[in-house]
Structures are given as structure tokens and as C-alpha cells.
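Me: I am new to this structure. Please take me through it in short questions and answers.

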Amino acid sequence: MARRIEEGRPGEAKAVLNPSEPNPLLRFEYDRGSNYEMDTRITLAMAALVPEAELINSDHRMFQIVHLVNEYVWCSMHHELGRVAGALDNDDFGLAARLIARTNGLAELPVQCVRILMDHLPQASFLRMRDHLPANTSGLDSPGGRNLRRVCRAVWKSFEAAMQRNDVTSKDLIEEFAREGGTAPAAWLSGLSTVQTGLHALDCKLMEWNQLHLRLVRQHLGGHPAARAESTPAAAAAAAEGPTSLRGEPVNELERLSERSVFPLLWKSVDDAYRQATPDRTTQI
């Protein structure tokens, strides 16, 4: 009996990710013409993967997919943060707070991506892959990371404008978030306070990614300060220069990037709140 063909129902696979695999059960088949594949664009996404015959080693597939996941998530975060800016411009602080919470949930995924590489990518395997990559294949050129920093500047401008329109300061919002009982705050004030706390959490999550990435680089390329401390003077001097990226720049530059903030004035507000709360103490902690 001939199989009935229905529009949007999957048919025979038109593509195989690993066509040289002799065992049919181990082949990864896709492009079956289903509406699911059409709607998610998964066929196009799979086509972006390095063909099996061109993989450098058995870890190359994981290495590429982890980076692609990272980029896709940053793209999604960029989209949500654009919506945050729009909600702030419209004084819809409840929506802005919900969207920031969603963005922070997404931000967990890139952190997990780095942890996967730290836990499951052997140094020797990574170095073999690196030898095959062309010059200037630098993670510093990530479109996701670059656009995420840019949209965060837009969000901050919208947030500052919202504070000015409503005549509140960052300190006011810090105190509002810690309110316990008393007169119920206006809904807009509570919402804007929650937005500020969410922006701070987002900045911390992005810093966490940067700091883990620095640890990953040191784990696979070297350059940790501890190695210089335990080396002979000559070896320490050589190690001080550190390894270089595929762009030819010292990866020690990542130390500075690991503390880079996308919302620097938020950290100033933390310092200001601490000094005002402890006027008779030094700022040493």
C-alpha cells in the first residue's frame, strides 16, 4: 500500500550529516520536509555544521556546536533587550522587568556552554584543532558578543531616561527593592526597581561568562599567573608575555575584559550606597 503523502508531514530524509557511516542506525538524517523543520529552519542550521569528512578530530563537532549555541542565545538575548528598551521608553516597567528576567534566564546557557568546554574538551585535542584554524579566527570577533554590548548601551540610555522622567535615583531604587512592609509603593516604582536589580544581575552573568572564558583559555593555552610564580626567572619572563590569540594578540588582555561591565554606572551606585550607609567607616571590606 502506497504511503499517503500529506503536506507538512515528514517524508524520506534528503540529507545525512555523516554519510560515510556504514551503520544506518548511526547516521544522522534530516531534511525530511516536515513543517517542524521548515518552521524552525533546522535544515538550514544543520547545513552550517562542518561536514563530517572535514572535522579536525572527534571533539570538533562539540566545539563548533557549543559556539553556535552560544551565538544563538546571545542573538535571542539581544532581541529581548531591544524589547526591554522599548518597554522602558513607554514606562511599562512591569513588562521590562519580565523581559529582563527572561534575558537573565537565557544568559545561563552561554555560561553552561563554557563549562562544557572546560569539563569535556581535552587540552591536547583543542591544541590540535587550533593548529588547523586560520589566523584571525578570534572569539573577540563574535557578532553575538559585540551586538550584546551595543544593545546594553541602548537599554541603559532608556533606563536613565526613565529614572529622569520619574524623578528617582538609583539609590531610591536600591532602597525600594529592600522595602519591608509599610506603605505599598506605586506599581511603577516597584517595577523600575525590579528592572534595576535585573540589569545588575545581567551584568554579573555576563562577567561570569567572561571570567569562566578566561579560565578556559588559561586551562588550554596557559598564561596563569601561578605558573610564573613557580618558574625560574628566565621562564617567568618568557611566560609573562603569555600565549597569543589567533589574532596574534596576548590573551592576557582577557584579564581586563573579564571585569568589563556593560552597566558601569550601576556599580557606581553600589559604591555610593555603601558609602552613604557607612559614613564613619573606611571603604575597606
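The questions below go from the whole chain to single contacts.

Reply: This is a predicted model, where local features need pLDDT of at least 70, side-chain atom pairs count only at pLDDT 80 or more, and totals for chains, interfaces and linings use all residues. Residues are numbered from 1 along each chain as its sequence is written, and side-chain values use heavy atoms, with hydrogens and water left out.

Me: How many helices and strands does the protein chain have?

Reply: Helices (H or I, at least four residues) and strands (E, at least two) are DSSP runs, numbered from the N terminus. The elements run β-β-α-α-α-α-α-α-α-α-α-α-α-α from the N terminus on. The count is twelve helices and two strands.

Me: What percentage of the residues in the protein chain is buried?

Reply: Buried means under 20% relative accessible area, exposed over 50%, partly exposed in between (1.4 Å probe, protein chains only). The protein chain has 285 residues. The buried part is 35%.

Me: Which word describes the angle between α7 and α8: parallel, antiparallel, perpendicular or oblique?

Reply: Helix α7 covers residues 170-177 and helix α8 covers residues 187-221. Their axes are 9 Å apart, at an angle of about 100°; axes are lines fitted to C-alpha atoms, for helices over the stretch in contact, and angles run from 0 to 180 degrees between N-to-C directions. Angles under 35 degrees count as roughly parallel, over 145 as roughly antiparallel, 65 to 115 as roughly perpendicular and the rest as oblique. So α7 and α8 are roughly perpendicular.

Me: Which residues of α7 meet α8?

Reply: Contact means heavy atoms within 4.5 Å. On the α8 side are Leu189, Ser190, Leu192, Ser193, Thr194, Gln196 and Thr197. On the α7 side are Ser170, Leu173, Ile174, Glu176 and Phe177.

Me: Which residues does alanine 85 touch, not counting those up to four places away in sequence?

Reply: Alanine 85 is found in helix α3 (residues 60-89). At 11% relative accessibility, alanine 85 counts as buried. The residues touched by alanine 85 are Ala154, Val155 and Ser158.

Me: Is the pair of tryptophan 74 and tryptophan 209 stacked, tilted or edge-to-face?

Reply: Rings of Phe, Tyr and Trp (its six-membered ring) pair if their centres lie within 6.5 Å; planes under 30 degrees apart count as stacked, over 60 as edge-to-face and the rest as tilted. The structure holds five aromatic pairs. In this one, tryptophan 74 and tryptophan 209 are 4.9 Å centre to centre, with 65° between the planes, so the pair is edge-to-face.

Me: Which helices does that pair of tryptophan 74 and tryptophan 209 link?

Reply: Tryptophan 74 is buried at 8% relative accessible area, and tryptophan 209 is buried at 16%. The two are 135 residues apart, in distant parts of the chain. Their helices are α3 and α8.

Me: Which residues form a cluster with Trp156?

Reply: Tryptophan 156 and phenylalanine 159 lie in helix α6 (residues 143-165), three residues apart. Their pair is tilted, at 5.3 Å centre to centre and 45° between the planes. Ring pairs join Trp156 into a cluster with Phe159 and Phe263.

Me: Which helices do the buried residues of α5 pack against?

Reply: Helix α5 spans residues 123-132, and Ser125, Phe126 and Met129 in α5 are buried. They cover an arc of only 100° around the axis, which puts them on the same side of α5; the arc is that of the directions from the helix axis to the C-beta atoms. The buried residues of α5 pack against α3 and α8.
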